[in-house]
Amino acid sequence: METKNIFKLISKLSFDDKRILINSLTNELFLNDLDKYRTEHTGDRPCCPKCQSERIIKNGSQNDVQKFRCKVCRKTFGLHTGTSVHYLHFKGEWMRFLELTLESKSIRSICKEMGRSRQTIFDWRHKLLSSMDNVFEKQFKGIVEMDDMLVRFNQKGRVNNFFEEVRRSQMVDGKSKRRKLSKRGNSKEQVSVLFTIDRYKTVDMKLLKRSKITIKSLERVLDNGLVDRLNTNNIIVTDYCTSYIKGLDGFTHERLNMSKKEKSRGNYHLNTLNYYCGEFKRWIGYHFRSVSTKYLQNYLNYFKMLFFVLKDSDNKQMDFFKFSLKDGQTFKRFHSTEERYLSFLSL
Ligand SMILES: [Zn+2]
């Protein structure tokens with residue numbers, strides 16, 4: 001059929017059918033190039049998703065898919081093994097899912113729009129978001145603002161004796177009310193997040209621990225890659241909290257004495273950071289009401305993608321898609337969420 005005729009036919013379609021057509025075309029375009037986008041990150045030799053070794057050999061192909069084998073742990077794998085699309089059912093709907101994610105839609109409303117079960121959409125959400133853990137790890141420039149942001153500890157969706165205990169401790173007069181937090185920032189009812197941002201919108205947000213920041217938790221986050229993104233040219237601005245003194249030893253460090261109402265000293269202030277802390281809390285509250293602590297790191301990644309990484313992109317959906325193929329450790333990370341959460345609680 002001539003293209004002209006096809007266009008004529010398309011113009012007769014209803015609005016909804018046109019939309020379906022656009023979606024299926026987008027999917028086809030993206031899925032055809034899945035390998036191409038993945039190899040943008042890996043080259044034509046991905047490293048082993050199990051042991052991360054680069055000593056791999058080509059190992060034939062299955063259904064036109066090139067397979068590799070690791071010479072160290074002997075695992076056989078394909079180009080997408082370990083990424084967010086690994087073992088994904090209904091792959092053809094992934095692009096639509098990304099679009100709805102970009103609109104900050106709740107899991108419930110995505111289920112409704114896509115006609116998929118809650119479990120499917122829930123898994124998709126967290127596969128996608130855990131693939132964003134190590135995206136946008138740029139070097140910080142100039143003045144760097146650092147502070148711990150406090151978020152309410154939340155056990156949404158968990159039924160368990162231990163957590164029942166926590167719930168009871170939050171009851172007032174036999175009723176499960178949202179109790180006002182006793183001592184601000186000092187209780188186990190909150191979790192702390194290390195928020196780091198420079199004046200060029202390079203950002204890092206990592207879960208520290210339950211309750212307030214400590215030297216140990218700060219050092220753990222720094223050692224997990226943050227310290228490599230800072231250099232001796234940076235001037236790190238924090239509040240007066242003593243954890244930062246030891247943690248940031250070796251860096252130029254300016255402390256603001258907030259308790260003496262020192263909110264800024266020349267160019268040193270935490271205004272950028274405080275603004276985005278507010279944005280994060282407003283965004284969560286508006287779109288998702290609350291987020292369980294178990295998945296908080298994923299929502300921090302989500303915020304980072306929407307408000308920083310994809311903010312000025314001309315094709316957000318496409319860029320989001322490309323980023324979702326970057327990390328070969330995603331599958332493993334997604335399946336160890338519970339394990340990692342339990343070890344977080346024991347910190
Ligand atoms: Zn291996």
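**View 1. Crossing of helices α4 and α12 in the predicted model.** The axes of helix α4 (residues 94–102) and helix α12 (residues 316–324) come within 10 Å of each other and cross at roughly 110°. Angles of 65 to 115 degrees count as roughly perpendicular, so α4 is roughly perpendicular to α12. The crossing of these two helices is right-handed. On the α4 side the contact is made by M95, L98, E99 and L102, and on the α12 side by K316, Q317, F320 and F321. By residue type, the contact of α4 with α12 divides into five nonpolar, one polar and two charged.

**View 2. The five-stranded open sheet.** The strands are arranged in the order β6-β5-β4-β7-β8, with mixed pairing. Strands β6 and β8 (252–255) form the edges, each pairing on one side only. Direction ignored, neighbouring strands of this sheet are turned by 25° against each other on average. Strands β4 (residues 143–152) and β5 run antiparallel and are joined by nine bridges. In this pair, V144 stands opposite D198 of β5.

**View 3. Helices α10 and α11 on the sheet strands.** Helix α10 (residues 271–288) lies across β4 and β5, and runs at about 130° to β5. Helix α11 lies across β4, β5 and β6, and runs at about 165° to β6.

View 4. Leaving aside residues up to four places away in sequence, L300 touches V193 and M205. R116 is 184 residues from L300 along the chain, and the C-alpha atoms of the two are separated by 25 Å.

View 5. K201 is in the loop between β5 (190–198) and β6 (203–210). S211 is in the loop between β6 and α8 (215–226). With 18 other C-beta atoms within 10 Å, S211 is partly exposed.

Technical notes:
Residues are numbered from 1 along each chain as its sequence is written. This is a predicted model: local features need pLDDT of at least 70, side-chain atom pairs count only at pLDDT 80 or more; totals for chains, interfaces and linings use all residues. Helices (H or I, at least four residues) and strands (E, at least two) are DSSP runs, numbered from the N terminus. A residue is buried if 20 or more other C-beta atoms lie within 10 Å of its own, exposed if 12 or fewer, and partly exposed in between; C-beta atoms are placed from the backbone. Axes are lines fitted to C-alpha atoms, for helices over the stretch in contact, and angles run from 0 to 180 degrees between N-to-C directions. Angles under 35 degrees count as roughly parallel, over 145 as roughly antiparallel, 65 to 115 as roughly perpendicular and the rest as oblique. A crossing is left-handed if the near helix is turned anticlockwise from the far one by less than a right angle, and right-handed if clockwise. Two residues are in contact if their C-beta atoms, placed from the backbone, lie within 7 Å. Ala, Val, Leu, Ile, Met, Phe, Trp, Tyr, Cys and Pro count as nonpolar, Asp, Glu, Lys and Arg as charged, and the others, Gly among them, as polar. Two strands pair if DSSP finds at least two bridges between them.
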